[in-house]
Amino acid sequence: MKYVVVTGMSGAGKATALRFLEDMGYFCVDNLPLPLLDKFFELTEGGDPVHPALVLGLDIRNGSLREAAETIGQLKKRGKDISVVFLDADDDILLKRYKETRRIPPLAGNDRIEMGISRERGQISFLKETADYIIDTSCLLTQELNLALENIFHLERQYDNLFVTVLSFGFKYGIPSDADLVFDVRFLPNPYYIESLRPKTGNDPEIRQFVMKSPAAEQFLDKLEDMIRFLIPHYVREGKHRLVIAIGCTGGKHRSVTLANGLYLRLQENQTYGLRAEHRDLDQDAKRGK
């Protein structure tokens with residue numbers, strides 16, 4: 001019998017993950033009292049012909065998660081097929097989510113939300129170190145979290161606990177504050193100066209053709225792809241869970257969008273991590289009436 005334990009920080013998406021796994025046909029049990037944990041595994045040892053796996057949701061509300069981790073560790077040593085998924089998010093993201101939903105962290109009590117988040121992180125950080133899969137949901141949409149879970153448990157692909165965002169932007173609107181790697185493609189010919197191309201974006205074939213007809217564009221993508229593929233295993237080994245690759249041109253509408261899309265398509269090949277393309281400044285001209 002296959003088991004999946006979904007845990008992590010409150011507010012990081014456990015309920016969303018359980019709903020998705022349930023839709024995949026898994027049988028989900030949330031916040032089972034810890035004294036019943038051994039009994040749960042004992043009763044399900046014979047397997048379940050209806051469900052491909054049993055999913056157990058655990059969080060700080062269960063009590064001492066160290067006790068649960070010890071039980072799960074012992075069961076793994078006895079040959080149980082158990083995968084532990086740890087969902088995490090930055091503290092400021094969790095704070096924002098709590099404020100939007102008007103909920104209170106389990107350990108906040110009468111203190112501020114920040115205190116509750118800090119206490120919880122301190123008490124469950126050990127789980128992250130031993131988890132089989134770590135998914136940082138700070139910047140993930142629900143569908144992207146679902147896709148990561150599908151890749152791991154349905155398609156059974158390798159997952160390197162890393163989510164990569166390829167982000168286009170315009171330098172005149174500022175460099176993205178969360179960028180890990182920044183690349184400047186303003187050396188390429190600019191479609192902005194051709195009146196018929198100016199209203200279009202890097203998502204349009206006319207712009208892609210204009211930008212990529214420059215030999216330097218294809219050469220840049222080759223070298224960038226090679227470097228990113230070299231870096232990713234090293235980032236994974238160092239425990240990095242999010243990587244933002246920012247590609248910028250002047251306005252973030254033509255060249256950067258084209259190159260970001262190109263890198264995204266290349267990285268999709270033999271992908272072992274979460275991946276998405278995002279265009280921060282694509283609509284800035286329209287918003288500013290240009």
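How many bridges pair strand S1 with strand S3, and in which sense? The close-ups below, all taken from a predicted model, start there.

**View 1. Strands S1 and S3 side by side.** Strand S1 covers residues 2-8 and strand S3 covers residues 54-57; they pair in the parallel sense, over four bridges. For a landmark, look for Val5, which stands opposite Leu56 in S3.

**View 2. The whole sheet, strand by strand.** The edges belong to strand S2 (27-30) and strand S5 (133-136), each of which pairs on one side only. On average, neighbouring strands here are turned by 20° against each other, direction ignored.

**View 3. Two helices lying across the sheet strands.** Helix H1 (residues 14-23) lies across S1, S2, S3 and strand S4 (81-88). Against S2, helix H1 runs at about 155°. Helix H6 (residues 142-154) lies across S1, S4 and S5, and its angle to S5 is about 165°.

**View 4. Inside the largest pocket.** There's about 610 Å³ of space in here. The lining is made of 25 residues, and those nearest the pocket centre are Gly11, Ala12, Gly13, Lys14 and Ala15. S1, H1, helix H4 (91-101) and H6 are the elements that give two or more residues to this lining.

**View 5. Who lines the largest pocket, by element and class.** H1 gives the most, with four residues. Sorted by class, the lining has nine nonpolar, nine polar and seven charged residues.

Methods:
Residues are numbered from 1 along each chain as its sequence is written. This is a predicted model: local features need pLDDT of at least 70, side-chain atom pairs count only at pLDDT 80 or more; totals for chains, interfaces and linings use all residues. Side-chain values use heavy atoms; hydrogens and water are left out. Two strands pair if DSSP finds at least two bridges between them. Axes are lines fitted to C-alpha atoms, for helices over the stretch in contact, and angles run from 0 to 180 degrees between N-to-C directions. Contact means heavy atoms within 4.5 Å. On a 1 Å grid over the protein atoms alone, a cavity is a set of points where a 1.4 Å probe fits but cannot get out, and a pocket is an open set with protein on both sides within 12 Å along at least five of seven lines; lining residues have an atom within 4 Å of a point. Grid points are joined across faces, edges and corners, and a volume is the space filled by probe spheres set on the points. Ala, Val, Leu, Ile, Met, Phe, Trp, Tyr, Cys and Pro count as nonpolar, Asp, Glu, Lys and Arg as charged, and the others, Gly among them, as polar.
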